[in-house]
Structures are given as C-alpha cells and as structure tokens.
Amino acid sequence: PKVTYVATAGDERAVDATAGESVMVAAVKNGVPGIIAECGGNASCATCHVWVREEFLALVGEPGDIEEDLLDMAVSERRDGSRLSCQIPVTPELDGLTVDIPPVQP
Ligand code: FES
C-alpha cells in the first residue's frame with residue numbers, strides 16, 4: 001500500500017509500505033524527514049506524531065489510551081487527526097493514506 005507523507009513546506013513523499021509494518025516504520029525505512037521515532041515504536045516518545053488527513057480518519061481509527069495521553073501531553077499541536085504513526089499498522093485498506101508531518105516534533 002502507498003502512504004504519502006506531506007511536510008509543512010508542501011513536499012510530498014509517497015512510499016511503498018508493507019502491510020503489517022507501522023506508518024512510522026515505513027517512513028523511517030524510506031528516509032522520510034520529520035518522523036524521528038526516538039523510542040523505536042513503543043508509544044513513549046511522541047516524535048512520530050502525524051496528522052492523519054480527514055478522509056482517512058475513520059479507517060485509521062481512534063488512538064489507544066497510552067497514545068491518547070501522550071498526544072495530550074507531548075505534541076506541539078494536537079488536532080483531530082493527531083496520531084502516533086508507530087501505532088498505525090499499514091493495511092491494504094489504507095492504500096493511499098496521506099498524513100501531514102508537523103513542523104516540530106516533541
Ligand atoms: Fe515513539 Fe511512536 S516512535 S511514540
């Protein structure tokens with residue numbers, strides 16, 4: 001499935017992700033700037049924060065409890081689409097998923 005990452009400046013990076021890996025891992029593997037992922041995917045650093053585009057929110061689903069707390073405490077600007085990309089598994093249904101990358105990570 002394709003996942004597209006959009007930087008604040010508007011630069012878009014579309015990558016071929018593998019089903020089962022997280023949206024964070026797909027970004028890091030492909031060198032997408034702005035996804036730092038300090039904790040390596042353990043939902044404890046919030047440096048993998050992304051804003052999921054509205055049209056994909058229902059498919060991506062709600063954040064879990066730990067993720068919810070981190071989003072509240074840690075991210076620079078929480079929006080409706082705020083998610084930790086390490087907590088979003090790539091699935092075939094998510095093909096075309098587009099996320100915006102915040103200008104600063106915690
Ligand atoms: Fe640390 Fe996602 S990689 S919270």
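In what order do the elements of the protein chain run from the N terminus on? The answer is β-β-α-β-α-α-β-β, which comes to three helices and five strands. Helices (H or I, at least four residues) and strands (E, at least two) are DSSP runs, numbered from the N terminus. Keep in mind that this is a predicted model, where local features need pLDDT of at least 70, side-chain atom pairs count only at pLDDT 80 or more, and totals for chains, interfaces and linings use all residues. Residue numbers start from 1 along each chain as its sequence is written.

**Overall build**
- The C-alpha trace of the protein chain spans about 30 × 25 × 25 Å along its principal axes.
- Of the 106 residues, 31% count as buried; buried takes 20 or more other C-beta atoms within 10 Å of a residue's own, exposed takes 12 or fewer, and partly exposed is in between, with C-beta atoms placed from the backbone.

**The sheet**
- Five strands make an open sheet in the order β2-β1-β5-β3-β4, with mixed pairing; two strands pair if DSSP finds at least two bridges between them.
- β2 (12-16) and β4 (82-84) are at the edges with a single partner strand each, so one side of each has no neighbour in the sheet.
- β3 and β4 run antiparallel and are joined by three bridges. Take V50: its bridge partner in β4 is R83.

**The core**
- The largest nonpolar core has 25 residues, and V3, V23, M24, A26, A27, I35 and V99 have the most contacts inside it. Such a core is a set of buried Ala, Val, Leu, Ile, Met, Phe, Trp, Tyr and Cys residues joined through C-beta atoms within 7 Å.
- At least two residues of this core come from each of β1 (2-6), α1 (23-29), β3 (49-52) and β5 (97-100). α1 gives the most, with five residues.
- M24 is in contact (C-beta atoms, placed from the backbone, within 7 Å) with I35, A37, G41, C48, S85 and C86, leaving aside neighbours within four places in sequence.

**A look at V6**
- V6 lies in strand β1 and is partly exposed, with 18 other C-beta atoms within 10 Å.
- Leaving aside neighbours within four places in sequence, V6 is in contact with E12, T98, D100 and I101.

Note on methods. Two residues are in contact if their C-beta atoms, placed from the backbone, lie within 7 Å.
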